[in-house]
Amino acid sequence: MLWLLFFLMTAIHAELCQPGAANAFKVRLSIRTALGNKAYAWDTSEEYLFKAMVAFSMRKVPNREATEISHVLLCNVTQRVSFWFVVTDPSKNHTLPAVEVQTAIRMNKNRINGAFFLNDQTLEFLKIPSTLAPPMDPSVPIWIIIFGVIFCIVIVAITLLILSGIWQRRRKNKEPSEVDDAEDKCENMNTIENGIPCDPLDMKGGHINDAFMTEDERLTPL
Amino acid sequence: MEKTRPLWSNPLQFVFACISYAVGLGNVWRFPYLCQMYGGGSFLVPYIIMLIVEGMPLLYLELAVGQRMRQGSIGAWRTISPYLSGVGIASVVVSFFLSMYYNVINAWAFWYLFHSFQDPLPWSVCPLNGNHTGYDEECEKASSTQYFWYRKTLNISPSLQENGGVQWEPALCLLLAWLVVYLCILRGTESTGKVVYFTASLPYCVLIIYLIRGLTLHGATNGLMYMFTPKMEQLANPKAWVNAATQIFFSLGLGFGSLIAFASYNEPSNNCQKHAIIVSLINSFTSIFASIVTFSIYGFKATFNYENCLKKVSLLLTNTFDLEDGFLTASNLEQVKGYLASAYPSKYSEVFPHIKNCSLESELDTAVQGTGLAFIVYTEAIKNMEVSQLWSVLYFFMLLMLGIGSMLGNTAAILTPLTDSKIISSHLPKEAISGLVCLVNCAIGMVFTMEAGNYWFDIFNDYAATLSLLLIVLVETIAVCYVYGLRRFESDLKAMTGRAVSWYWKVMWAGVSPLLIVSLFVFYLSDYILTGTLKYQAWDASQGQLVTKDYPAYALAVIGLLVASSTMCIPLVALGTFVLHHLKRGDAAPVA
């Protein structure tokens with residue numbers, strides 16, 4: 001009689017938790033990818049912790065505060081490490097609806113990740129999409145601040161340059177004889193022939209300067 | 001009594017100005033692409049030959065003309081022959097078009113620079129979708145860097161016809177870019193001369209830092225070996241030679257009038273031959289230097305993507321067959337795949353279509369040029385480096401310096417003829433003329449900040465300057481050699497600088513360079529005619545990639561207008577001068 005019951009229980013268990021069963025979820029862990037050398041081995045104690053975390057998450061759902069660790073069933077553990085799990089109700093005859101389990105896991109994903117030192121990429125619940133953390137959005141975008149700073153600097157510099165140019169011009173107008181313009185390289189007023197000051201050319205040791213041409217040759221005759 | 005012409009404070013400022021102008025974005029984003037396409041190390045052979053045969057002579061010619069005539073492009077060519085002042089006007093028109101669209105690149109560089117001060121970098125992660133369960137769809141299909149470029153920066157529309165409105169963020173950046181340019185050219189050579197010290201030297205500092213960083217990146221040697229291994233058979237490809245010639249030509253910035261403008265502020269005794277050789281050598285050296293940096297970055301990016309691809313395939317196989325985590329590595333992947341294919345054939349054939357064939361060569365083979373290289377490929381590499389904010393800031397700062405340096409030359413080409421003209425400079429001070437030019441350019445440049453702006457940018461980039469410049473430089477060379485007279489020009493130079501002109505330059509100016517330019521011109525024309533209808537690349541948000549589309553009729557009209565407005569200046573002005581003189585002679589005849 002007892003053997004029969006035992007077989008019945010394991011049979012029911014086996015039926016409830018099967019790959020692809022209703023309300024069953026596949027979980028995939030990539031411990032070595034996440035932790036490298038510090039990776040721990042996946043054994044029955046870790047499975048116990050996992051069941052505890054799932055039970056904990058279910059307890060947070062209203063009406064399911066009585067969920068026990070024994071209600072969480074694991075099966076098909078592979079080398080990967082991956083396995084399937086279901087959560088049964090207290091009678092252990094039916095599994096809880098997938099939507100409830102999904103909501104519970106989503107709400108507590110961070111706690112579950114933390115218990116195993118993993119993150120959303122390395123501890124995956126297939127079919128339960130995780131809520132991604134929204135990016136930090138400052139009230140004023142940073143780029144506008146920097147833009148504003150540089151913009152103001154440039155405007156101030158332009159204003160200063162224009163004003164100093166006006167002052168210089170006013171000073172020059174008051175003293176017409178003094179050629180104090182920073183752009184003017186020649187000291188004396190030179191005679192100009194077609195924009196070429198003759199003095200620098202004459203400094204070439206007193207040759208006759210072909211550059212100082214007569215008007216006829218300057219332009220190509222029409 | 002006239003005011004003497006402003007001069008550079010010392011010859012170094014002139015050299016720096018020329019370097020700053022010539023070394024621009026093309027050295028960074030066009031030359032590495034050409035090097036990769038046309039045989040890696042063996043591309044250097046046509047490149048250096050073209051430099052010696054075409055680049056140096058033409059550069060020397062322009063500098064000599066500017067230094068001799070001591071006027072901007074319009075005045076200089078009018079002095080050579082009144083019939084040819086159209087050449088000067090064409091140069092100014094082309095420079096005007098160039099400065100309109102070129103500063104948009106600086107605006108984009110500013111945008112990326114300001115966004116580099118965030119952690120994490122905004123182009124390294126995809127934004128989340130509506131209900132926070134996954135990433136934005138467009139970003140998933142493309143990559144996060146492409147998404148940031150096409151959606152966040154450009155907010156590009158699916159085609160040229162859909163204009164969209166002016167985007168305020170790039171418009172603000174464009175405004176800032178023009179203000180910075182105005183600040184630099186405000187006082188003429190006095191301010192430009194100081195600014196070029198920075199815009200010429202800072203990019204080299206950043207390039208050196210990047211070279212050290214790039215060479216120490218994991219996988220950099222893959223890129224360098226792949227790219228620089230010479231493929232000698234490409235030497236027989238005429239396209240390699242044509243592209244080498246075009247690259248030298250456009251990289252030096254000939255024909256815009258900027259070099260004439262810069263040289264006109266020189267002392268007449270300046271040794272412009274030495275400077276021409278120095279500038280062209282530095283320009284080419286910078287191209288090669290920048291391509292070493294670019295190839296090491298390529299290698300890093302390709303290796304990173306290749307290893308990621310392998311990881312994805314391993315993960316897929318591990319999950320499908322429930323293998324032990326960490327069992328599959330890059331070395332045993334092939335073996336295990338074979339074993340799995342034989343042990344579980346049905347399951348393997350199910351998963352087989354999803355297994356990508358990871359290949360380092362195909363990652364290295366993705367050749368990109370232009371804005372795609374600068375804003376997508378480089379940012380993708382940068383986001384994977386440590387302390388990526390620092391590298392990002394350095395990189396975009398360098399792009400800004402290169403861009404602003406070239407803008408200084410462009411605006412000088414427009415402003416020098418304007419300030420030389422007596423009519424305009426007597427009514428308005430120099431600051432006001434510069435301000436007006438910047439304002440007009442900025443206003444028109446707002447077109448490029450619209451949603452379809454990048455497509456118009458591509459139109460300007462591809463067609464505004466190419467054909468016109470070839471024609472302009474051809475007419476320049478012929479004008480100096482045959483209209484003005486090569487002997488006369490030679491004796492001018494000898495008197496001005498005190499040095500004789502070597503036979504090499506004379507042969508190049510009179511014969512080889514014009515022939516080269518004519519052949520380039522013929523090649524371009526035949527290329528355009530053979531291609532048939534012109535097409536462009538449009539971004540398809542639903543697929544997350546570029547698709548090819550045809551230009552609509554009005555876009556083709558704009559292209560034609562762009563090319564015509566600059567090239568037609570030359571014959572039209574010549575005709576106009578001819579008519580005017582005939583009229584004058586007709587009036588004068590009865591008096592004489």
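Author: This is a predicted model. Let us begin with Asn283(B): beyond its neighbours within four places in sequence, Asn283(B) contacts Ala22(B), Val23(B), Asn27(B), Ser251(B) and Leu252(B).

Reader: Where does Asn283(B) lie in the chain B helices, and is Asn283(B) buried or exposed?

Author: Asn283(B) belongs to helix α14, residues 272–321 of chain B. Buried means under 20% relative accessible area; Asn283(B) has 3% and therefore counts as buried.

Reader: Which residues does Ala22(B) contact in turn, sequence neighbours within four places aside?

Author: They are Asn27(B), Ser251(B), Leu252(B), Val279(B) and Asn283(B). Ala22(B) is in helix α1 (residues 11–22) of chain B, and is buried at a relative accessible area of 4%.

Reader: What does the UniProt record place at these positions?

Author: An unreviewed UniProt entry gives the feature "binding site" at Ala22(B), Val23(B), Asn27(B), Ser251(B), Asn283(B), Leu402(B) and Ser406(B). These positions span 385 residues of sequence yet cluster in space, the largest C-alpha distance being 12.6 Å.

Reader: How should I read a nonpolar core?

Author: In soluble globular proteins, nonpolar side chains tend to be buried together. Here the largest nonpolar core has 190 residues, and Tyr210(B) and Trp509(B) have the most contacts inside it. Helix α6 (residues 85–115) of chain B gives the most to this core, 20 residues. Apart from it lies another core of 27 residues, including Trp42(A) and Phe50(A).

Reader: And how are strands read?

Author: Strands of a sheet pair through backbone hydrogen bonds, either parallel or antiparallel. In chain A, four strands form an open sheet with antiparallel pairing, in the order β2-β3-β1-β4. Its edge strands, β2 (72–75) and β4 (123–125) of chain A, each pair on one side only. On average, neighbouring strands of this sheet are turned by 25° against each other, direction ignored.

Reader: Which helices of chain A accompany the sheet?

Author: Helix α3 (residues 44–59) of chain A lies across β1, β2, β3 and β4 of chain A, at about 140° to β2(A). Helix α4 (residues 98–107) of chain A packs on the sheet, touching β1, β3 and β4 of chain A, and its direction makes about 115° with that of β3(A).

Reader: How many residues lie between β1(B) and β2(B) in their hairpin?

Author: Four residues lie between them, and Gly544(B) in the turn has a positive phi of about 75°. Six bridges join these antiparallel strands, β1 (residues 535–540) and β2 (residues 545–550) of chain B; Asp540(B) has Gln545(B) as its bridge partner.

Notes: Residues are numbered from 1 along each chain as its sequence is written. Chains are lettered from A and ligands numbered from 1 in the order in which they are written. This is a predicted model: local features need pLDDT of at least 70, side-chain atom pairs count only at pLDDT 80 or more; totals for chains, interfaces and linings use all residues. Side-chain values use heavy atoms; hydrogens and water are left out. UniProt positions are given in the numbering used here, feature names are shortened, and annotations may be inferred rather than shown by experiment. Helices (H or I, at least four residues) and strands (E, at least two) are DSSP runs, numbered from the N terminus. Buried means under 20% relative accessible area, exposed over 50%, partly exposed in between (1.4 Å probe, protein chains only). Contact means heavy atoms within 4.5 Å. Two strands pair if DSSP finds at least two bridges between them. A nonpolar core is a set of buried Ala, Val, Leu, Ile, Met, Phe, Trp, Tyr and Cys residues joined through side-chain atoms within 4.5 Å. Axes are lines fitted to C-alpha atoms, for helices over the stretch in contact, and angles run from 0 to 180 degrees between N-to-C directions.
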